[in-house]
Amino acid sequence: MFGRYEKRILEYQTKAMEKQVAEVNEIYMTMRGWRHDYHNHLQKLSAHLQEGQIEEARKYIRELGESLDDIKIKYQTGNVSLDAILNSKLSLAEREQIEIHCKVELGECLTVSDIDLCILLGNLIDNAVESCQKIRAKEERFLRIYMCIRKQQIYIFVTNATNESVRKLDDEYVSKKRGNHGHGLKRINIVVDKYGGFIKRANEPGVFATEIMLPL
């Protein structure tokens with residue numbers, strides 16, 4: 001069982017996730033608005049060129065480029081909440097020179113809330129990145145994420161590089177972990193327990209794997 005402290009941490013993270021999802025929703029709205037105005041932008045540029053206003057056209061192009069600099073949507077799953085987590089956290093992972101492989105195939109009708117899915121995936125990625133950062137040889141860093149619907153369950157499988165070697169991965173292992181990694185493990189367990197799901201962790205030489213199944 002988890003104590004009040006872990007539950008308070010989970011509540012805090014839920015609010016943080018909701019804020020992050022709202023921010024990404026705003027980004028999507030901005031992108032849609034820009035696409036809607038696409039032809040208007042082209043017409044304006046065409047008018048400048050027809051009048052020989054080369055500098056005005058260049059200035060307008062620069063302004064358009066600047067407006068899009070902060071809009072980078074690389075991972076698109078069809079679920080805005082998951083897109084928020086994947087794009088924000090995996091972009092940071094790539095900066096740490098971690099090789100990323102990500103495949104998400106989920107339907108729209110899920111009984112698990114978007115926020116709980118984001119808490120799971122967010123903590124799995126955070127822990128994986130933390131493990132990879134401890135590996136000096138950057139070419140050995142990797143993170144693989146696979147999510148799908150399998151036998152009426154949400155199936156999540158995450159593997160990452162690690163230099164940690166643990167023989168027994170149980171509740172004692174989770175409780176003894178310190179820092180953000182330990183908190184992340186507990187938060188993951190809380191969500192899995194909430195839905196009566198299944199979780200399995202495995203540690204082989206150079207690889208840490210987490211397998212999760214949540215009933216639909």
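Helix α5 is mostly covered, with 16 of its 20 residues buried, where buried means under 20% relative accessible area, exposed over 50% and partly exposed in between (1.4 Å probe, protein chains only). The model is predicted: local features need pLDDT of at least 70, side-chain atom pairs count only at pLDDT 80 or more, and totals for chains, interfaces and linings use all residues. Residues are numbered from 1 along each chain as its sequence is written, and side-chain values use heavy atoms, with hydrogens and water left out.

**Overall architecture**

- The protein has 7 helices and 5 strands; helices (H or I, at least four residues) and strands (E, at least two) are DSSP runs, numbered from the N terminus.
- Read from the N terminus, the order of elements is α-α-α-α-β-α-β-β-α-α-β-β.
- Of the 216 residues in the protein, 42% count as buried.
- Among contacts (heavy atoms within 4.5 Å) with a separation of 6 or more, 67% come from residues 24 or more positions apart.

**Helix dimensions**

- The 20 residues of α5 reach 28 Å from the first C-alpha to the last, close to the 28 Å expected at 1.5 Å a residue; the expected span is 1.5 Å times one less than the number of residues.
- Helix α4 (residues 80-95) has 16 residues and should span 22 Å, which agrees with the 23 Å between its end C-alpha atoms.

**Packing of α4 with α5**

- Helix α4 and helix α5 (residues 114-133) pack at about 10 degrees with axes 9 Å apart; axes are lines fitted to C-alpha atoms, for helices over the stretch in contact, and angles run from 0 to 180 degrees between N-to-C directions.
- This angle makes α4 roughly parallel to α5, the term for angles under 35 degrees.
- On the α4 side, the residues in contact include Leu82, Ile85, Leu86 and Leu90, and those of α5 include Leu117, Leu121, Ile125 and Val129.
- The residues of this contact divide into 10 nonpolar, 2 polar and 3 charged; Ala, Val, Leu, Ile, Met, Phe, Trp, Tyr, Cys and Pro count as nonpolar, Asp, Glu, Lys and Arg as charged, and the others, Gly among them, as polar.

- Asn79 caps the N-terminal end of α4, with a side-chain oxygen 3.0 Å from the backbone nitrogen of Leu82.
- Just after α4, Gln97 adopts a positive phi of about 60 degrees.
- Asn87 lies in helix α4 and counts as buried because its relative accessibility is 11%.
- The side chain of Asn87 reaches the backbone oxygen of Tyr75 at 2.7 Å.

Notes: Polar contact = N/O pair within 3.5 Å; in protein donor to acceptor, adjacent residues only side chain to side chain. Parallel < 35°, antiparallel > 145°, perpendicular 65-115°, else oblique.
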